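Hi,

Here is the structure I promised to pass on.

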Amino acid sequence: MTALPMKAASALVLSALILTSVQGVSASDHDHEHDHDHTHNDHDHDHDHDHDHDHDHDSDIYSGYFDDEQVKDRALSDWEGDWQSVYPYLKDGTLDEVFTQKAESGDKTAEEYKAYYDIGYQTGVERIVIDGNSVTFYEHGEERSGEYQYAGYEILTYQAGNRGVRFIYELEEASDDLPQYIQFSDHSIYPTDAHHFHLYLGDDREALLEEVTNWPTYYPSELNGDDIVDEMLAH
């Protein structure tokens with residue numbers, strides 16, 4: 001990902017496959033793997049039926065299977081907090097255990113997964129702090145802040161048949177130092193506190209919806225590398 005300021009969305013946009021979003025915005029064949037390759041353990045059969053149903057329902061949504069009417073608007077407060085990029089943990093080898101586990105059931109070697117996520121997680125924005133409508137980006141020792149307002153959501157359909165939702169926020173006052181749009185993807189489709197998220201930054205809303213190769217990922221700054229590995233392995 002290029003450094004701020006960003007006067008165009010990521011150059012790594014794949015436009016060969018154009019799919020349809022629920023609100024009429026075209027969307028490329030999104031990376032099915034990074035957002036939806038998480039496996040879910042079978043629920044214990046000795047739990048009550050209602051609990052089983054709720055668990056299955058949440059798992060379906062997390063995996064990208066839901067109805068349009070289930071999607072609800074979300075406030076920026078869902079992502080409020082202090083967040084760190086996971087990219088440094090990939091570079092220093094902390095996440096190697098995650099890639100090894102993926103290789104056990106996936107179609108790539110651990111080394112291939114690491115190379116794939118190296119592109120996906122890559123970013124110079126090592127930290128983000130969200131407080132109210134204010135978003136502060138920390139990059140290469142500098143920080144820049146802007147006020148963002150909600151600009152709706154888009155439902156994207158992926159080649160595999162599942163779907164995802166991008167919740168979009170627009171910079172209130174244009175600035176050469178800040179992205180005009182930020183788009184969140186965190187596997188949830190209605191108001192709830194995020195536990196991690198993928199963030200898309202740029203000045204072109206439409207082009208961002210087609211981004212399939214670079215999806216900087218953030219976890220709470222209070223977590224250390226081992227904590228993040230545990231979180232990743234749990235999903």
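Predicted model: local features only at pLDDT ≥ 70, side-chain atom pairs only at ≥ 80, totals over all residues.

A definition to start with: two strands count as paired if DSSP finds at least two bridges between them. Strands (E, at least two residues) and helices (H or I, at least four) are DSSP runs, numbered from the N terminus.

Residues are numbered from 1 along each chain as its sequence is written, and side-chain values use heavy atoms, with hydrogens and water left out.

**The barrel**

Eight strands form a closed barrel in the order S3-S4-S5-S6-S7-S8-S9-S10, with antiparallel pairing. From one strand to the next, the twist averages 35 degrees (angles run from 0 to 180 degrees between N-to-C directions, and axes are lines fitted to C-alpha atoms, for helices over the stretch in contact).

S3 (residues 81-85) and S10 (residues 217-220) run antiparallel and are joined by three bridges; here Ser-85 has Tyr-218 of S10 as its bridge partner. Tyr-218 also stands opposite Phe-197, and S9 (residues 197-202) pairs with S10 in the antiparallel sense over two bridges.

**Two histidines with positive phi**

His-140 has phi near 50 degrees and sits in the loop between S5 (134-139) and S6 (142-157). His-187, in the loop between S8 and S9, has phi near 75 degrees. Which of these is buried and which exposed? His-140 is exposed, at 62% relative accessible area, whereas His-187 is buried at 7%. The cut-offs are under 20% for buried and over 50% for exposed, with partly exposed in between (1.4 Å probe, protein chains only).

**A helix pair**

H4 (residues 96-105) and H7 (residues 225-233) pack at about 20 degrees, with their axes 9 Å apart. The two helices are therefore roughly parallel (under 35 degrees; over 145 is roughly antiparallel, 65 to 115 roughly perpendicular and the rest oblique). In H4, Glu-97, Val-98 and Gln-101 meet Val-229, Met-232 and Leu-233 in H7, contact meaning heavy atoms within 4.5 Å. The residues of this contact divide into four nonpolar, one polar and one charged (nonpolar: Ala, Val, Leu, Ile, Met, Phe, Trp, Tyr, Cys and Pro; charged: Asp, Glu, Lys and Arg; polar: the others, Gly among them).

Cheers
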